[in-house]
Amino acid sequence: MPHVITSPCIGTKDQACTEVCPVECIYEAGDMFLIHPDECIDCGACVPACPVSAIFPEEDVPAGEESFIARNREHFGL
């Protein structure tokens, strides 16, 4: 399962996650970053790098944040 960036990233956009991603699958998407679900290798390197704790494995996205799973997929046309 890919990782998903959730609402705490909105307006923050700290690039620490993009700097540690070994496959460069994190992209700028307006007011936040999004992870390309087909490019993510599920390594988890981005999770501890995120200063606002906005990144989760898809299956662990917190309640109320599930819409970000669809937002990631839609942004990349999936």
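Of the 78 residues of the protein chain, 38% count as buried, where buried means under 20% relative accessible area with a 1.4 Å probe and protein chains only. The chain belongs to a predicted model, in which local features need pLDDT of at least 70 and side-chain atom pairs count only at pLDDT 80 or more, whereas totals for chains, interfaces and linings use all residues. Residues are numbered from 1 along each chain as its sequence is written, and side-chain values use heavy atoms, with hydrogens and water left out.

The secondary structure comprises three helices and four strands, which follow the pattern β-α-β-β-α-β-α along the sequence; helices (H or I, at least four residues) and strands (E, at least two) are DSSP runs, numbered from the N terminus. The C-alpha trace spans about 25 × 25 × 25 Å along its principal axes. Among contacts (heavy atoms within 4.5 Å) between residues at least 6 apart in sequence, 65% join residues at least 24 apart.

His3 lies in strand β1, which covers residues 3–5, and counts as buried because its relative accessibility is 5%. Leaving aside neighbours within four places in sequence, His3 is in contact with several residues, including Ile35, Cys40, Val47, Phe56 and Asn72. Asp42 is also among these contacts, and the side chains of His3 and Asp42 are joined by a polar contact of 3.0 Å, a polar contact being a pair of N or O atoms within 3.5 Å of which, within protein, one must be able to donate a hydrogen and the other to accept it, while residues adjacent in sequence count only if both atoms are side-chain atoms.

Technical notes: Buried means under 20% relative accessible area, exposed over 50%, partly exposed in between (1.4 Å probe, protein chains only).
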